[in-house]
Amino acid sequence: YEVLDRAETGPVCTERDFDLKIFLPKLNDVIQKYGIEFDRENVVPYDDSLGDDVWKAAFELYLDVGTFCKTTSRRILFEKDEIMEAMETLPGKIIVGSGIDAREMVRRKIEDSRRPFCRINPGCVCDEELFLPMCMAYLQEPIADGTVAPILGEIEGRNIRVGGPIEIKASVAHAMMYREAARRVGRPGIYKQSVGTAVSDAAQIAASNPEWGETLTDPRAVGSLAELKIDYSTLNKMMHFHTYGCIVYGLHGPMLGGYAGGAEGTAIVGTAYHIMGTMVSQGDFHVYFPHDLKEGCNTTRKLLWVLSITHQALARNTKALSFANGITAAGPCTRMILYESAAFGLVGTVSGASGLGVMLSARNRYRNRASPIEARLCCEVGCGAAKIGLKRSDANQLVKELLSKYEDDIPKAPLGKEFQECYDVVHLRPTVE
């Protein structure tokens with residue numbers, strides 16, 4: 001209620017003033033004050049003081065700027081003691097899923113030898129007839145602790161318009177088919193991430209049903225709007241999810257090249273989002289996917305640095321659970337996507353990310369372009385790095401080697417193949433290729 005009250009009573013300002021007179025000056029101020037600087041040779045930084053400085057800069061930024069509510073044109077602000085109390089009382093671990101498929105998600109430290117939680121994710125829009133087999137292909141992966149379904153492009157031959165009745169129909173169908181897919185592969189209780197087909201608050205609410213839809217052990221997303229903004233549609237989801245009683249997570253995607261600026265600003269804003277996700281979205285954990293506005297992915301040198309230092313800042317200074325969520329430039333069934341996936345798995349794991357959320361391929365722009373194989377590889381690399389206790393300095397060298405194999409090709413990355421070209425969709429087996 002405090003959050004909702006402050007969305008109605010906080011300081012008034014226009015969105016333009018929030019961006020240009022409040023957010024940007026403060027962001028530039030903390031970058032200079034704490035001396036945050038991107039180092040292209042240390043993609044995986046191993047200077048602990050840098051992570052601490054990013055945390056201090058993010059804390060100060062969010063304390064002064066707060067969250068802008070687009071619906072009311074007011075800023076939601078918190079006192080220092082309120083933020084500290086919220087961060088200190090985080091549990092550090094939660095259980096997701098149910099029955100034999102239940103898994104524990106735990107806070108990991110930098111260079112932690114504990115296995116990261118593995119959540120594999122097609123993320124793309126898919127054809128209606130491919131929805132069930134694509135879900136089953138991801139759900140059957142043994143390494144998966146949780147999965148995310150693809151997004152329906154249409155339902156029963158009808159296009160889906162956000163906010164319209166067909167969206168509600170599609171969101172209900174999405175939830176029902178996703179549960180059916182989990183049952184058919186023998187993993188009925190596995191963590192199944194919230195209905196991606198449902199964009200509006202009404203569609204998300206419509207899919208909540210413990211008998212056939214989203215259950216109480218299925219995490220639900222409260223997304224943030226760039227940068228450090230929210231609206232009533234998002235807060236409606238937050239209120240519904242908490243009253244429904246399910247697990248809630250904050251979904252954060254700061255944009256390098258937008259108002260967050262370069263790598264330094266994106267890392268600070270990304271860290272601040274985790275405070276906002278705890279305070280405003282009331283998230284139990286976070287899914288973090290900073291991305292490059294120009295390149296449309298987060299496997300570039302700068303974005304890997306952003307991911308690494310953000311997770312290091314959180315791991316050293318909070319008990320927040322945060323997933324590194326990957327977006328590759330290349331598409332499925334290409335050599336390049338494997339290099340990108342491996343680099344991403346190394347960076348997230350050694351930097352203290354609680355889990356790997358992988359992989360949105362081909363810049364997440366193209367229908368049907370996703371395959372579980374690349375997600376499996378990313379998780380296997382991450383789990384292997386944890387098992388041998390890989391150090392940040394060693395991971396840095398490996399990641400730079402991988403970057404040398406693909407970073408020049410990012411602007412012209414190959415699209416690869418569609419799911420039905422990579423898999424036998426009847427037997428759910430990958431092709432030999």
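**Close-up views of a predicted model**

View 1. Asparagine 368 counts as buried, at 2% relative accessibility. The cut-off for buried is under 20% relative accessible area, so this residue qualifies. The model shown here and in the other views is predicted. Asparagine 368 sits in the loop between E19 and helix H12 (372–387). Its phi is near 70°, a positive value in a residue other than glycine. Most residues other than glycine have a negative phi.

**View 2. A partly exposed glutamine with positive phi.** Glutamine 282 also has a positive phi, near 60°, and is a residue other than glycine. Look for it in the loop between helix H9 (263–279) and strand E16 (285–288). Is glutamine 282 buried, exposed or partly exposed? Its relative accessible area is 35%, so it is partly exposed: the value falls between the 20% and 50% limits.

**View 3. Strand E19 and its two partners.** Strand E19 covers residues 355–360, and six of its six residues are buried. Strand E5 (residues 117–120) runs parallel to E19, joined by four bridges. Strand E18 (residues 322–327) is also parallel to E19, again with four bridges. Which residue of E19 is the bridge partner of cysteine 118? It is leucine 356. Leucine 356 is the bridge partner of alanine 324 too. From E18, the chain crosses through helix H11 (residues 335–350) to E19. This β-α-β crossover is right-handed.

**View 4. A three-strand open sheet.** The strand order is E2-E1-E13, and the pairing is mixed. Strand E2 (74–76) and strand E13 (229–230) are the edges, each pairing on one side only. Strand E1 (residues 67–69) pairs with E13 in the parallel sense, over two bridges. Find cysteine 69: isoleucine 230 in E13 stands opposite.

**View 5. A cis peptide bond.** The bond from alanine 226 to glutamate 227 is cis. Its omega is near -25°. Most peptide bonds are trans. Glutamate 227 belongs to the loop between strand E12 (220–223) and E13.

**View 6. Tyrosine 62 in the largest nonpolar core.** This core has 120 residues. Which of them touch the most other members? They are Tyr62, Leu228 and Val280. Leaving out residues up to four places away in sequence, tyrosine 62 touches Leu228 and Val280, and its other contacts include Thr67, Phe78, Ala272 and Met276. A second, separate core has 12 residues, among them Met105, Ile247, Val287 and Phe323.

Technical notes. Residues numbered from 1 in each chain as written. Predicted model: local features only at pLDDT ≥ 70, side-chain atom pairs only at ≥ 80, totals over all residues. Heavy atoms only, no water. Buried < 20%, exposed > 50% of the residue type's maximum accessible area, 1.4 Å probe, protein only. Pairing = 2+ DSSP bridges. Right-handed = clockwise from strand over helix to strand, strands pointing away. Core = buried A, V, L, I, M, F, W, Y, C linked by side-chain atoms within 4.5 Å. Contact = heavy atoms within 4.5 Å.
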